[in-house]
4 protein chains.
Amino acid sequence: MTTKLKVAIAGLGRMGARHANHFYSYTPRAEVVAVTSPVQQELDWAKTNLGNPRTYLSFDELLEKEKDLQAIVIASATSVHAEQAIKAINKGLHVLCEKPLSTNIEQSQKVVDAYRESLKTRPNQKVICGFSRRFDASYRDAFEKLQSGLIGRPSVFRSQTCDKLDPSGFFVEYAQFSGGIFVDCSIHDIDLALWFFGEDSVVKSVTAVGITAVSPELRKYNDRDNALGIVEFYDGKIAQLYCSRMMAAGQEDSTEITGTAGKLAVNTQPAANLVNIYEPTGIRREIPPHYYGRFRDAFITEANEFTACCLDNTPPPMKLEGAVAAVRIGCALQESLITGKKIEFDERGNRITRANL
Amino acid sequence: MTTKLKVAIAGLGRMGARHANHFYSYTPRAEVVAVTSPVQQELDWAKTNLGNPRTYLSFDELLEKEKDLQAIVIASATSVHAEQAIKAINKGLHVLCEKPLSTNIEQSQKVVDAYRESLKTRPNQKVICGFSRRFDASYRDAFEKLQSGLIGRPSVFRSQTCDKLDPSGFFVEYAQFSGGIFVDCSIHDIDLALWFFGEDSVVKSVTAVGITAVSPELRKYNDRDNALGIVEFYDGKIAQLYCSRMMAAGQEDSTEITGTAGKLAVNTQPAANLVNIYEPTGIRREIPPHYYGRFRDAFITEANEFTACCLDNTPPPMKLEGAVAAVRIGCALQESLITGKKIEFDERGNRITRANL
Amino acid sequence: MTTKLKVAIAGLGRMGARHANHFYSYTPRAEVVAVTSPVQQELDWAKTNLGNPRTYLSFDELLEKEKDLQAIVIASATSVHAEQAIKAINKGLHVLCEKPLSTNIEQSQKVVDAYRESLKTRPNQKVICGFSRRFDASYRDAFEKLQSGLIGRPSVFRSQTCDKLDPSGFFVEYAQFSGGIFVDCSIHDIDLALWFFGEDSVVKSVTAVGITAVSPELRKYNDRDNALGIVEFYDGKIAQLYCSRMMAAGQEDSTEITGTAGKLAVNTQPAANLVNIYEPTGIRREIPPHYYGRFRDAFITEANEFTACCLDNTPPPMKLEGAVAAVRIGCALQESLITGKKIEFDERGNRITRANL
Amino acid sequence: MTTKLKVAIAGLGRMGARHANHFYSYTPRAEVVAVTSPVQQELDWAKTNLGNPRTYLSFDELLEKEKDLQAIVIASATSVHAEQAIKAINKGLHVLCEKPLSTNIEQSQKVVDAYRESLKTRPNQKVICGFSRRFDASYRDAFEKLQSGLIGRPSVFRSQTCDKLDPSGFFVEYAQFSGGIFVDCSIHDIDLALWFFGEDSVVKSVTAVGITAVSPELRKYNDRDNALGIVEFYDGKIAQLYCSRMMAAGQEDSTEITGTAGKLAVNTQPAANLVNIYEPTGIRREIPPHYYGRFRDAFITEANEFTACCLDNTPPPMKLEGAVAAVRIGCALQESLITGKKIEFDERGNRITRANL
């Protein structure tokens, strides 16, 4: 029997439970040995559904007691991502951290700094921030086609992360912790822009506007339910972003990358499956209601590839630094959204302030 | 001012009125000088809407009195198509006859015979049977691509003519005169098969089955509301046909032609226009409710090209003989539909009968 | 015979010749009686192809001599649109002016002022600026669905006018006169935004960025080959625009309008016709190479509806004032594109300037 | 740790290796304990890639020695399916047998008979024949919508299984053992027809025609590379089938089921993923090259559901009898394809022979 990676899961909320299940049921080279959550009921669920792993109410206790642990998935509340990640890094564990590292740039940077420090003595340690779209088969196909030169030099990027309308008020409560719609939703699109344009792309300016079309209560948390942004890069590349909490039909996450010789479009014709329904009102297809319906396979690929790079000591599928770069752009867009001002940066990434911008 | 073709319209029912309007409003080189219909009210409509043409209750009187007439469009009841066409041919007029020439093969053949005879003394006379799809931009594009060799040797053909469900009972009444669903609907698909496979393709066998899923009353007229047919040709080509009166969403006329190196599909993703509607039930598009919504532009092209070939003495866009070939196949399919028997033909087109087929 | 509108065509270049043909061949209620162009060869073409109208090398001479003229189509060089329109208005003619009225806001406004003045004594005079998309069947269907409440309150608008790459350098030369990519291309999208959001929408701010990905020479004319813009309106509505001269596949003009209860998308899956091609590289469809391929039918509808409103003295299909509003926004975007600054307006439409914007 | 189902895999060829991998890597409740293949090299592969299971060159030896075995997957050569299935059934094992049970109706029936006999003493034994499409998410969605009444009474069925052209000659060699194109390919479509129309549907007649457009050598094995079939059922339902070995773009398996109130279409717009490529020749998407690319997820679901029904003693997802019914229809179509004769059945399923059919 081949050796399996001993993995713990921190956080068993909606997304944590999914990650746990992906590692337990769909990652043959991994073994879920322990879980932690501050909620006893979630631990009970894990006992029953994850093959009876050891359970801990305390993250720290898990780290302390699980001597053989090799890797940990951090899917707890966003507010503790960075702190938990740093502790796990310092313990020498491989870490897969849910996005974002933090809604705060400095906190995000601290995770990267801790990892860099740790790598000096543990060169084989792997730490990644899980941007699920990087594992999606369609985005990968688009990226490979781009890399092959199919569309020439990529120049204009358009991407949107648009959630289905949730009339329950969930998004309003969530806005207190999410970092704002650009940090919560568009972070994925920003990461894609950096991927497709090149990780070393330097932002020149960001501008954003937004409205509260269905949830005016969002304004008390400095958030909006629909927002548009433009990101300008120094190397003659531009990106437009749209994020929304108001889609009627379901999750609408689409991306287009236009190059000097062609264009690649991902999910501009969304569909839940291959069924079309012909009825008196026309021809209809359904689309996934939520991002998990769209990206479930990508999450499973993520679990398997993270496991493989830990076991085989191969390069991780993405660099941790990119996660900070994405948060940096997301925070700037969110600020522009609220202040109404364009924000500019010099070529080393420093913010330009001038009296008469 | 350039000379215009002097045209008369025979029949001003639903389709006749449309033809009249196409010639009056959208065929700059034609002039509607006279119309005939046994319905006074239709003649009154023509007076008002077609620039005050001369009107006749009698077809024969029109032929007699309109000395300067050059061409006539026959869009009267199917049962008089052949008779009127022959009279017009004998008068030396150019004729555009609505499909079918007749629901009866012998009658259809008589029109062709009359035209052949007439051509001996009037070599410039044009007579065509209007298969509208031959004038449709998409079918023409497909045909040109096929001709260019894009799909290799065309080998398998699939086509359907499927009408929107009409709960009024219209199709039951209509079945008395239509010649049956294969002659009325599939005639278009058969004509396309002959066009794409080559006009000289020889039928080897036909088989058909059918049901009455929504209109059992059709059985009293030996008709069905849904039918499937297979047509086998002698040169290694096969075709499958579907005709229906039961579509929920609208008119669904689609065609696929598979060759040894590729396939061309026409209207397999029907759409009324370029609009998509995103709503809580998914993404929806509407489709044309009736064949006229799908083929209006083709009818207008037909009017213009017929006019041009008459005025310029250029070859007509299709041969009249093809209209008989299509009726012949349609009638055989209709017979097979009712008898349940496969019908076979020898290579000269004669029917094979054997005791132990 | 019904009376026809006596129309003259001014300008017989690429678009002028098309307009002339639409009025001559596809507008049954209009009659092309005269044409003018400074190019003799174009007048010769008109003699032959437009039923031998009277021809003039001088616009002024046409106005003077054509005593019975009722209407004029101005499709000359953009630089003389405004001047010719004003002269025709003052002569009492109905005017259909190609877009834009002018690339200059003041000039555009002068046309509107002239029309307002003229209306005092000629209340039946019709003057419109031809935004072809307002006549497009798909945009109209979307607008009707929006009006019916299908998508709730329209809130977010996205639209793009993207031309096929033209390696001949045409767009560089053209940039000297076009007013820039936002005035030339996005003017259509801006007009659509005003139509869908309501003509009385007041702009709050505009921002734009752009690049020269394939034609760096454009910079000498202060233009770009790809540009992104955001337009913010005072009533909680936002719009994002994309214009490009670099599409590989053809003309890609698409629009999405998102409301609080749904979304309408126009041409987000472009197609030249209903043909799909199955070949070893996959499934392919072609798209129209140029805007005329996409909007030909809309131009013909425009000709017919303009003719009808003149003859029947019905309200014109759109207000002339809208054309100035669109130019105003287009010019502001173009300025922002070049200066890199966000431009803001107060609720009465006046520009806000502040030291510390 | 929950108990896992002890599974053996018989046959490790292309499809066997895939099944083995699905059970090993993607079926958390199953454990691959043993494998058998007459090819030593395949057993070696299994050692390395399936967690070191016990290996056997002889199927009989495996059955004899694996005392704790609970279930077996039979994915060996079609010619031994039935024999191996019967042996495993008699041993009391749960069996998942690749389709078809046999290309021979009598052999197929013997498997069913053995199972029925075995059930008398082992009521919890599960034996299914794996029709993968029954596990496909899109087909299941369509089936649920049909069951919910969305399309009224299902009446007309169209389905095709069309393989990508394989110029290597593979299909010719394969034709010796495949049972013919209707038994090899259309068996899936026939199973779908029985599923959608109801398992108890009784065939009234079948007719088929075919050609050899690219592989005339197939004729020596009484096979064709393209064939069309019609199946008529006694309860007013009809089906048309198309099978081919000649698709240019990839695997094209699509299905439409038309009811009295609507239609459901599955995969009529095939796509490998969500990417669209815009390039000078138009807009293109790729499609899966082979059935495994289309149905991989369905095979994994099959493995999991088979495992679950064995462990939990729940009803199997489909009845074994259906597999015989499908073979029966497939063989009749293949016979009609070769003889050119329509084959008819009475309402109890007996073949009707008459002198003057």
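The model is predicted, with local features requiring pLDDT of at least 70 and side-chain atom pairs pLDDT 80 or more, while totals for chains, interfaces and linings use all residues. Residues are numbered from 1 along each chain as its sequence is written, chains are lettered from A and ligands numbered from 1 in the order written, and side-chain values use heavy atoms, without hydrogens and water.

According to an unreviewed UniProt entry, residues 139-264 of chain A carry the annotation "domain: GFO/IDH/MocA-like oxidoreductase"; such annotations may be inferred rather than shown by experiment, and their positions follow the numbering used here, with feature names shortened. This span is 27% helix and 40% strand, and its end C-alpha atoms lie 10 Å apart. Helices (H or I, at least four residues) and strands (E, at least two) are DSSP runs numbered from the N terminus.

The contact (heavy atoms within 4.5 Å) takes 34 residues from chain D and 34 residues from chain A. Because 100% of the interface residues of chain D are also interface residues in chain A, the copies meet through the same surface. About 2,800 Å² is buried between them, 51% of it from carbon and sulfur atoms; buried area is the accessible area (1.4 Å probe) lost on being put together, summed over both parts. L274(D), V275(D) and Y278(D) supply 22% of the area that chain D buries here, more than any other three residues. Of salt bridges (a side-chain nitrogen of Lys or Arg within 4 Å of a carboxyl oxygen of Asp or Glu) there are 2 between chain D and chain A, including K145(A) with E286(D) at 2.9 Å, N to O.

Chain A also meets chain C, through 44 residues of chain A and 46 residues of chain C. This interface buries about 3,400 Å², with 60% from carbon and sulfur atoms. On the chain A side, L228(A), I230(A) and Q240(A) lose the most area, together 16% of what that side buries. The interface of chains A and C holds 2 salt bridges; one of them joins E252(A) and K263(C), with the closest N and O atoms 2.6 Å apart.

Key
Buried area is the accessible area (1.4 Å probe) that two parts lose on being put together, summed over both.
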